[in-house]
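Dear colleague,

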Amino acid sequence: MRIAIAGAGSVGRSIAGELVENGHEVMLIDRDPGAIKPERIEAAEWVLADACEVALLEDAGLQTCDVVIACTGDDKVNLVVSLLAKTEFAVGRVVGRVNDPRNEWLFTEQWGVDVAVSTPRILAALVEEAVSVGDLVRLFTLRQGQVNLVEVTLPSTTAIAGRPVRDLRLPRDAALVTILRGGRVIVPAPDEPLEPGDELLFVASTEVEDAVREALM
C-alpha cells in the first residue's frame, strides 16, 4: 500500500520504519525542517509541508494514498489532517493518533477518523494486563469504541480448569480468538481444555463484557 504519515517525529519515524520493512510505500510529511531526516529511513519519501494545507497535500500526492496516518503531537492538527484526507482526498483508511485522552471523543467518523489510537490508553491497558489476573482487561478499541479486544488471565484457582472451550457460555457478540499458554499461541478448538494461567483473548462488543466475565466464573 501507499501510506502517508503526517508527523515525522519519533513516533512517525518508528511507524514508517516498520511499514517500509513490511514492503509498503511510505511518505512522511512534516512542516518542521528539523524533522526531515531522509538518512533515518532512506526508502521513505520525505515531504517538507504543512499537512493542514490542501494545496500542499495535493502537491505531495495525498490523493494517491491508500492510508493516511495522522500522528503529530497535536490533536488539533491530527483531526484536521484526518478530515482533509477523508473529505478532500477520499483516502480509504484514516488512522488518527490521540495524544490527550480527553480528546478521544472527537476522533470519530465525523472527523474522518476510521481508527483512533490513544497512546496513553494503550500503555495503561498493557500495564493493567501485566498485573491483572482473573479480571477482564481492554487491550484495544475498534469501531469507534463499539467493539474491544479484551484479555483475561485465568487464576490458579479458576473453576473452569480442565473444562473444554465448548463449555464456555459466551454471549452472542463475543468470540474467543486465541489462547496464550506459555510461549504457545493456541487456536481455541472446541475440545481444547482450559488451564490456570491461560491468557484468553476475546473480541467483544462493549455491551456484553459483563457477560463474558460471568462465563469465566
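Predicted model: local features only at pLDDT ≥ 70, side-chain atom pairs only at ≥ 80, totals over all residues.

Residues are numbered from 1 along each chain as its sequence is written, and side-chain values use heavy atoms, with hydrogens and water left out.

The domain assignment divides the chain into domain 1 (2–117) and domain 2 (132–215), the bounds coming from an automatic or database assignment. Between the C-alpha centres of these two domains there are 34 Å.

Next comes the sheet, for which strands are DSSP runs of at least two residues, marked E and numbered from the N terminus, and two strands pair if DSSP finds at least two bridges between them. Five strands form an open sheet in the order E7-E8-E11-E9-E10, and their pairing is antiparallel. Its edge strands, each pairing on one side only, are E7 (136–142) and E10 (184–186). From one strand to the next the twist averages 25°, where the axes are lines fitted to C-alpha atoms and angles run from 0 to 180 degrees between N-to-C directions.

Strand E11 (residues 199–205) has 5 of its 7 residues buried, which here means under 20% relative accessible area, with exposed meaning over 50% and partly exposed in between (1.4 Å probe, protein chains only). Strand E8 (residues 147–153) runs antiparallel to E11 and is joined to it by 7 bridges; along this pairing, Thr153 stands opposite Glu199 and Val147 stands opposite Ser205. Strand E9 (residues 174–181) also pairs with E11 in the antiparallel sense, over 6 bridges.

Within strand E9 lies Thr178, which stands opposite Leu201 in E11. Is Thr178 buried or exposed? Thr178 counts as buried because its relative accessibility is 12%. Leaving aside residues up to four places away in sequence, Thr178 touches Val185, Ile186, Pro188, Glu199, Leu200 and Leu201, a contact being heavy atoms within 4.5 Å. A polar atom of the Thr178 side chain also lies 3.2 Å from the backbone oxygen of Ile186. Finally, Thr178 and Val47 are 131 residues apart in sequence, and their C-alpha atoms are 41 Å apart in space.

With best wishes

Key. Helix = DSSP H or I, 4+ residues; strand = E, 2+ residues; numbered from the N terminus. Polar contact = N/O pair within 3.5 Å; in protein donor to acceptor, adjacent residues only side chain to side chain.
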